[in-house]
Amino acid sequence: MENFRRRVGGFAFGGDYNPEQWDREVWQEDVRLMREAGVNTVSLGVFAWASLEPEPGKYEFGWMDEIMDLLHENGISVNLATPTAAPPVWLTHLHPEVFPIREDGHPFGFGNRMQYDPSSPVYREYAASITTKLAERYSFHPALAMWHISNEYGPTSYGPAAAANFRTWLKRRYGTLDRLNEAWTTRFWGQVYTDWEQVDVPHIPRTWMNPTRRLDFKRFTSDALLECYLAERDIVRSFRDDIPVMTNFMRFFRHADYWKWAPEEDAAALDIYPNPADADSHVSAAFNYDLFRSLKGGQPWMLMEQSSSAVSQWQLNIVKEPGRMRLGSLQAVSRAADSVMFFQWRASRGGQERFHSAMLPHSGPDSRTFREIKDLGREVGRLAPVAGTRSRSDIAIMFDWDGWWGLEEVFGLPRSDFSYTDTVMRHYTPLWERHHAVDVVGHASSLDGYKVLIVPNAYLIDDEAVARIHEFARNGGTVIMSFFSGVVDADNRVRPNGYPGAFRELIGAKIDEYWPARPHEEFAVTFADGRRTTATWWRDDLHLESGKALATYADGLLEGRAAVVENAYGAGRVVYFATLLEQEAFDATVARVVGEAGVRSRFEGVPAHVECTVRGDDAYDYVFLLNHSAEAGASVPVGGKGTDLLTGQEVSGEVALAPLGAAVIQIARA
Amino acid sequence: MENFRRRVGGFAFGGDYNPEQWDREVWQEDVRLMREAGVNTVSLGVFAWASLEPEPGKYEFGWMDEIMDLLHENGISVNLATPTAAPPVWLTHLHPEVFPIREDGHPFGFGNRMQYDPSSPVYREYAASITTKLAERYSFHPALAMWHISNEYGPTSYGPAAAANFRTWLKRRYGTLDRLNEAWTTRFWGQVYTDWEQVDVPHIPRTWMNPTRRLDFKRFTSDALLECYLAERDIVRSFRDDIPVMTNFMRFFRHADYWKWAPEEDAAALDIYPNPADADSHVSAAFNYDLFRSLKGGQPWMLMEQSSSAVSQWQLNIVKEPGRMRLGSLQAVSRAADSVMFFQWRASRGGQERFHSAMLPHSGPDSRTFREIKDLGREVGRLAPVAGTRSRSDIAIMFDWDGWWGLEEVFGLPRSDFSYTDTVMRHYTPLWERHHAVDVVGHASSLDGYKVLIVPNAYLIDDEAVARIHEFARNGGTVIMSFFSGVVDADNRVRPNGYPGAFRELIGAKIDEYWPARPHEEFAVTFADGRRTTATWWRDDLHLESGKALATYADGLLEGRAAVVENAYGAGRVVYFATLLEQEAFDATVARVVGEAGVRSRFEGVPAHVECTVRGDDAYDYVFLLNHSAEAGASVPVGGKGTDLLTGQEVSGEVALAPLGAAVIQIARA
Amino acid sequence: MENFRRRVGGFAFGGDYNPEQWDREVWQEDVRLMREAGVNTVSLGVFAWASLEPEPGKYEFGWMDEIMDLLHENGISVNLATPTAAPPVWLTHLHPEVFPIREDGHPFGFGNRMQYDPSSPVYREYAASITTKLAERYSFHPALAMWHISNEYGPTSYGPAAAANFRTWLKRRYGTLDRLNEAWTTRFWGQVYTDWEQVDVPHIPRTWMNPTRRLDFKRFTSDALLECYLAERDIVRSFRDDIPVMTNFMRFFRHADYWKWAPEEDAAALDIYPNPADADSHVSAAFNYDLFRSLKGGQPWMLMEQSSSAVSQWQLNIVKEPGRMRLGSLQAVSRAADSVMFFQWRASRGGQERFHSAMLPHSGPDSRTFREIKDLGREVGRLAPVAGTRSRSDIAIMFDWDGWWGLEEVFGLPRSDFSYTDTVMRHYTPLWERHHAVDVVGHASSLDGYKVLIVPNAYLIDDEAVARIHEFARNGGTVIMSFFSGVVDADNRVRPNGYPGAFRELIGAKIDEYWPARPHEEFAVTFADGRRTTATWWRDDLHLESGKALATYADGLLEGRAAVVENAYGAGRVVYFATLLEQEAFDATVARVVGEAGVRSRFEGVPAHVECTVRGDDAYDYVFLLNHSAEAGASVPVGGKGTDLLTGQEVSGEVALAPLGAAVIQIARA
């Protein structure tokens, strides 16, 4: 990646480029306008399979040779895609078994991209062929700067190919049917398997699906997609191993366990389309950026796709108002993105996404959007010194696909309206508002070096992660944990010896029953220091053991019982929320506990609407100040003398930000 | 059943026991804790097919021998299940045609219990085999006290096996295709059948299904399930006919006509899970208990499954608060249950219902739930004299599956948002609140001995029932009937000669048109005595003949026309509601009419939140007083001197009840 | 049609008659009551295929001979139906491939009418046979007055027969695959077709369907149904070509392009069931009547089906209150219907529509409904001079199926909750309320002779229509157009050179981006004359070129920018709404612009609840005054001396109308 960074002179700036949609005259205009906009990188050929291999085994590379040369001549690097996300119509026409099968057993029809069963051997064979041909031809082309393996891996299939691979996967996981039967608790409702061939993918059943079977199918599907990725990655690497390889992930994507994927990539890359209709979408964007930085241990990541303005995939597609695209792009950079890229360069005239905005919109170069793109290109150029720098954090928040699947993919919980991303964002937001740097950890991540660990509703968690959390606390860490954590093991089986089986000793309390609240039910809660608040949604029927109450219910059947528990564990401290506290009280409690753990933000006191973050290297800090408010300005003390890279101006003391204003202050390290 | 009652010494107390989920050490603890809790009966093997016959024709009875012996040694009787509700995976793997087919023609997949087409000959053959084997082995085992045939019969299938059996069923019902064509009115829209082979199950059609075809398919499906039951029952009876046989029904279950099923059982048995989130769930529970007592002519019934606390099948599963489980159990007993049983003994660690509460919860014996179970076991023991006693009523309310299907299963009514159970509960509630004992009658039930008959919205009713109602009124009975009754015959064909074809003479009025109300439309109504109220939802455009108006509309296009009609018929009286009166006015009218029919409750004046009922025999009355309020106490005059069986205390005059308190007063008959 | 009019002596009055549902004695009563009611025409045999051809090739015409004779003897004309809307069960039993296939690939089952794939060659062959037999036998029967080809053409199928025909249709449309690939923009997402056999019907895809493929499939389906119609029409015409031929269309029916169909019929015919629960249903009815008159260039049309009171196809079926059926019937006549017909003559006892009201209801002849029918029959008789007369208009409103499909059938617009009929009604209503006569035009219609053209949200519009609109304006016409018009061409491809590609010069403005509004977002708008109002839902980010602002935004990011644009174009004037103005301000603006175009209503000042329309011929005007208010009367100046045909009274000056009152004044032309 260092090579790549050097090649593009800092940040990659550009977008998906689909020249096969356009005539050759348009290509010339494209390249001219790209240069005008400061584009230095494009993702090429993402959906070009049909154009590259119009018939099985018949290839047409001429047009791509031409465009690769043209881009290279104009100093634009290429992130070359294997086009396997868009199997040509001839493939599914010749081999209908390639179509993914729906949960109800029915195949999807043609009419889209990504219409393949990732387990299909036919698909995999054709995908390997086109990948090989492409790598043969372009591995040493001077425009090639990166490999973009397929696109937004996601398809799930419930067909026979998936079933066969699922069985193989299960054999690998469990070894014996006895072990599978135990893990899946098949004695319940008499579902015991006696032959591997009886094990099928989880088609829609008469009532509810076995929860562990469903869970394993999610794990399997993620792995089946990963196999597709690895096969193509290995092909391109076999030709040349000094070109970075990535595939583009998606925001809050439930169907692939990115913790398992990221180590197989040279850079984590994200496609993100924060919804302008959602006033808080920049906060969940921030979380995703932190996640993507964390996926590869702090290594800068790539913002691979975003939109210049509105998208077209929703019922209601709001535009990005003036200044918002710039601010969002800088936000990604502030959280360690080393690229600012878009889908797509030029707006399509037809097809499903004809109203998805582009760098060059339908209204042409004389348009607000293209002017903003050119301005952004200039600014990104000025930020070159920031590329490659990193950031650090004392706080880690747990976010894991197993935990997600446990809460959302299986039915039969005390309440079935948990949203994993909502609860994670609920825990992340008070830290974001207080300008705390936060890393994200999965079940298998190391917790070394953190002072505070946040564990939101970790219903399903494996023994190793449980042990690591205990060790973290034992060694002096502060754990903030929310209700319904540690309930089941990795097989989705309730841990024995009373709730929460995994954490009873850690939180110092035993839970007799989980008491979901009725709709609109609200409970009074009193803190030990007398402050009063309310709670909703959930209560643990909890009995203190070594823990003590930080807050208790002030009414209802649990009056006087603990609502928030504090426990000393080893050298550490555990704070456990046994109910859903009203947001302000929750935030204040989290903030206080974080402070008591010795974690301070250098931007304490700055209003929440100004996002403040720091990247840096041995020589410099780069302080990003991003004002998300369109109404209010702000004045932010940066604690030092420096240079605003966006303007080139020297600053010291306070930096004034206009509404939607931004500054990136380079400050020499002491 | 008398034998069974003697064997358990009064009430059966216990639950479903699934030892195949657990190791042998757990069995020992189970039996010890069962004894501690007063358990005297368990339902065994309900989902054990896969454990008993792990491969086709290969049986493993050893573990069941062991557990039967163990239970017997510990004085626990067994209600032994034929395990046919949970076909093993090998069965559907070998014979996929056993899977039920959905309405859209697609088969369900494996992953559940009850995944069989009840018409499948393959399923029936295998079910007969395992039943035979089980009966051979255990019919004379000393633990055996009852046969539990399969479980919660319910599956519907739209496959070829169902189609073949449906044709047979139709031939039996109609004899000729001409008769079927007439009954189904197939000349409408040109759907005339000319060959039996053309008749199929009602797959999803392009727009709306023929309503009589749909209705007959519901009847057929209930009968197909009943055939499954009968086949297994006859097998176990062929070995020994002095063991009672039952199958467990469900609360308000629309898919099986329990009036046809009940005579084939030795005891009616009910699984019921009143939703704690619904503040009135104990009232609909009371109705179901009355129904189950009535299904076999007043014979005590069995509460076969309930939960100790929360279930897990809903989106939101609220716990039973302290005292509620006890109160609900006593409520069932008060309405002639002779058992208090639960699903299930020990909470499962995994599987679909891992969070369904149990007698022995995940939190173990040291838990609120298990303490309440033990207390309940003790109390149930003290009630032994009540077992086998009966109750009586002057009021009957009509509730029939044909009527239900007519209102809810077919499309094309003046309005299609009728809820049969809602309307039945609307008529039942004023009687429940006033402590009237009520029996439930079906279309085919005798009406002898009642003073008042309530007929809620009997849209579809057969000629025999119509005749019986006329006779009841003619002989002096009081009939309370609501709108949209007597409209169609058993073939769902509009009865000729003006609405309501069946009851025009009975109610003394002809209805020109049915006028459903617009949403939120409200009409003023004035009673003959000047009281004013309102009505909504529906109006008959009704013309009085022999009837007279008890209330008339005070506004709207029907101003001055009858809203409630009274008619003298023979020696009897008919009160007909032609609109949906506001609840309070409706209740008061029903109460007044009941009073005028000479029916009085012995608990007149007791607040509605205290449920008051009486069981009895020749020697004693057993007065049950159950306070459903968690806030208010109450003092109830019991009219005599007696003993509270729960406490052993003598009482006379008034009995004081704490919030959620209960008393069961044994009073000698005069 | 002139012959037909003469034959029935003015207006056709009657309904669908299905004698095959009834015994012969009923037929005699039917004919007697028909005469009593003034019935002169019935639609016969619509669903009689199963009764006419009970087995393949075995015909039973005896009963139809009899009923044809009986009707003829009683002076009742027959609109004889080919019964092909209701394929007999034997057809789909013998040939299951006739069943239509759902979008998910699954076939529908039997249980309904119209269960055929219109592309099925088997269906077409059998349909041709029965049509031929029928035409052979009855073409010269004296009762025959009209041919009713099939019924409410509508089925869509996604099966193999449809796929084959779709390919043929596409070959005809595009000639080459290259042209198809370009039109469908298949290079986007790599969906390029290389062999015609690869092109399939648009089954449900993994995410979104190619929008042009979907659009073409809608066009194809309409054409496939039209082929079915044409085949049957040509058969009956081959026997005798002096009998008018029609098929019955439906209100606001999205699935058949009636502009293409109407030229193939001798009369446009409409089935319409305005929902009495909708207080404005008479306004959308008026629009449909204007459409049906316009479909054949002003020629009187046929009201082929309506209901006497409630229907039964909805969840809630409200009755027509007294007087409403009469008023609705006269409304159709006022807008050039030459018939008043009903579905159906006698209410069915069973089947799907047993509660659909009829001319002769379940309550028999002694009923409100039948009395109203008889009164109506008498009144329709008195209107005979009106039959055949026409009406004229200065205003045309554009309504086109291509435009409809563009807005509603394909996903991916800036917002996807456009309702084409809602927006059309929004533009039509202010004209209706001000008693303006309005014609409806499609994309291909001539605009000659109009002063004002209204173009609601014409997102998709072809080049010829675009040229015609330009010419209309150039020649002095006034165009009123709403946002999101002229965006894509007939292939659903964005027109180049900035929005709105088709109309940039016409409206004198360029649009940079489309800005859908957030939910509940409201904008202040100021008119040039200072009036203030608000706007919601949508804003164009619009830059004036030759146009000038008639109104501007008074707040928000577009403050000061144009919200309504006025442009001089040639000799004409264009007013363009770039946002959704609050209704009153929109109506006032439209009314003012219409007035400024020199269009005046002769009923200016009459309250909106009195609908005022004129039919006429060389000798007379027939002024229809219909008071839709059930509360308020009205006095309407008719500007001349005349005769109320309904009463035979002379009137001059003002006509007084009671609530729900009506008058039809014959006034000699000056």
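Me: How many salt bridges are there between chain A and chain B?
Reply: The count between chain A and chain B is three salt bridges. Please note that this is a predicted model.

Me: Which residue of chain A forms a salt bridge with B:Glu321?
Reply: The partner is A:Arg518. The closest N and O atoms of A:Arg518 and B:Glu321 are 3.5 Å apart.

Me: And how many residue pairs are in polar contact across that interface?
Reply: There are 23 residue pairs in polar contact between chain A and chain B, with both residues at pLDDT 80 or more.

Me: Which element gives the largest share of the side of chain A that touches chain B?
Reply: That element is β14(A), which contributes seven residues. Both α9 (211-239) and β14 (509-516) of chain A supply at least two residues each to this side.

Me: How many residues are in contact, and what area do the two chains bury?
Reply: In this interface, 55 residues of chain A are in contact with 55 residues of chain B. The two chains bury about 4,800 Å² between them, and 54% of that area lies on carbon and sulfur atoms.

Me: Which three residues supply more of the area that chain A buries than any other three?
Reply: They are A:Phe188, A:Trp189 and A:Arg206, which supply 18% of the area that chain A buries against chain B.

Me: Changing topic: how many residues does the contact take from chain B and from chain C?
Reply: The contact takes 55 residues from chain B and 56 residues from chain C. The buried area between these chains is about 4,800 Å², and carbon and sulfur atoms give 54% of it. B:Phe188, B:Trp189 and B:Arg206 supply 18% of what chain B buries against chain C, more than any other three residues.

Me: How many salt bridges are there between chain B and chain C?
Reply: The count is three salt bridges between chain B and chain C. One salt bridge joins B:Arg518 and C:Glu321, whose closest N and O atoms are 3.4 Å apart. The count of residue pairs in polar contact between chain B and chain C is 22, both residues being at pLDDT 80 or more.

Me: Where does the largest share of the side of chain B that touches chain C come from?
Reply: It comes from β14(B), with seven residues. The residues on this side of chain B divide into 26 nonpolar, 14 polar and 15 charged.

Note on methods
Residues numbered from 1 in each chain as written. Chains lettered and ligands numbered in written order. Predicted model: local features only at pLDDT ≥ 70, side-chain atom pairs only at ≥ 80, totals over all residues. Heavy atoms only, no water. Contact = heavy atoms within 4.5 Å. Buried area = accessible area lost by both parts, 1.4 Å probe. Salt bridge = Lys/Arg side-chain N within 4 Å of Asp/Glu carboxyl O. Polar contact = N/O pair within 3.5 Å; in protein donor to acceptor, adjacent residues only side chain to side chain. Helix = DSSP H or I, 4+ residues; strand = E, 2+ residues; numbered from the N terminus. Nonpolar A, V, L, I, M, F, W, Y, C, P; charged D, E, K, R; others polar.
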